[in-house]
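This report describes one protein model.

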Amino acid sequence: MTESCTKKNHSSDNTTPCSAHETCQDLHQILITSEQIQKTIERLASSIQDTYADYDCVMIPVLLKGAQWFANDLSEALNHDKFQFLPISVSSYQGGMQSTGQVRIDKVEKIDISGRPVLIVDDIYDTGLTLKHVKQWFESMEPAEVKTCVMFEKDCDHAHEVALDFVGLPVPDEFIVGYGLDYQEQYRELCCVGILKPDLIEPEDRIEYAQPVS
Ligand code: PRP
């Protein structure tokens, strides 16, 4: 049995169960609480505001689907319309536990980023394949610069090294879910991050599944 996943209210010190709290029962262990996530968002927002203080417009591509939850909170914390969030459909895992090795960028509307700073926002830096591919793609469009911001940095060898400009929290080299991260499209809504109970992993995925930390 794990502790339950709760979220602190903005207006008071009270905590309430997060909207997906019933799926907390599927977690073997909570690694990062909602409160840690909220504090991290505040720190990142402050650092981003300082970095872009002299710019009137910052383009922020958000790599869907996973980064949507992070980007929503970041947008609220930045609270300024000079930060223009652009949702981009990108996928390399396609529902599984391992990267397919190919990055698909779907349905990007024509955007003019020439001469503007770009800050790519993603939920997790794992192999680095996604971020590297997307960064190169934006660099080809002659922006003023391209920086990167991830909520979680996995503690592993990154096959595709990418310089990270803003990093939220380190996470162990485990398969984790919550706060945008899914297993078969489930658990994204969890406001905490944790490790799934091993018996919830499909038999065909188990070979890839690292044993949870105790
Ligand atoms: C996940 C995650 C990152 C990427 C990180 O996306 O959201 O974008 O993988 O892994 P990498 O560093 O090994 O490339 P996924 O392809 O699962 O799509 P999703 O965001 O829709 O879940």
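## Cysteines

Cys24 has 0% relative accessibility and therefore counts as buried; buried means under 20% relative accessible area, exposed over 50% and partly exposed in between, with a 1.4 Å probe and protein chains only. Cys57 is buried too, at a relative accessible area of 16%. The number of disulfides in the structure is zero, a disulfide being a pair of cysteine sulfur atoms within 2.5 Å.

## Basis of the model

This is a predicted model, in which local features need pLDDT of at least 70 and side-chain atom pairs count only at pLDDT 80 or more, while totals for chains, interfaces and linings use all residues. Residues are numbered from 1 along each chain as its sequence is written, and side-chain values use heavy atoms, with hydrogens and water left out.

## Overall make-up

The protein has four helices and eleven strands. These are DSSP runs numbered from the N terminus: helices are H or I with at least four residues, strands are E with at least two. The protein has 214 residues, of which 45% count as buried.

Contact means heavy atoms within 4.5 Å. Among contacts in the protein with a separation of 6 or more, 68% are between residues 24 or more positions apart.

## Helices H1 and H2

Helix H1 covers residues 34–51 and helix H2 residues 68–78; they pack at an angle of about 60°, and their axes are 9 Å apart. Axes are lines fitted to C-alpha atoms, for helices over the stretch in contact, and angles run from 0 to 180 degrees between N-to-C directions. H1 and H2 are therefore oblique to each other: angles under 35 degrees count as roughly parallel, over 145 as roughly antiparallel, 65 to 115 as roughly perpendicular and the rest as oblique.

On the H1 side, Ile41, Leu44, Ala45, Ile48 and Gln49 make the contact, and they meet Phe70, Asp73, Leu74, Ala77 and Leu78 of H2.

Gln38 also lies in helix H1. Gln38 is buried, with a relative accessible area of 17%. Leaving aside residues up to four places away in sequence, Gln38 touches Lys7 and Lys8.

## Helix H3

In helix H3 (residues 129–139), the buried residues are Leu129, Thr130, Leu131, Val134, Lys135 and Phe138. Strands S4 (58–64), S5 (83–91), S6 (104–106), S7 (117–125) and S8 (145–154) are what the buried residues of H3 pack against.
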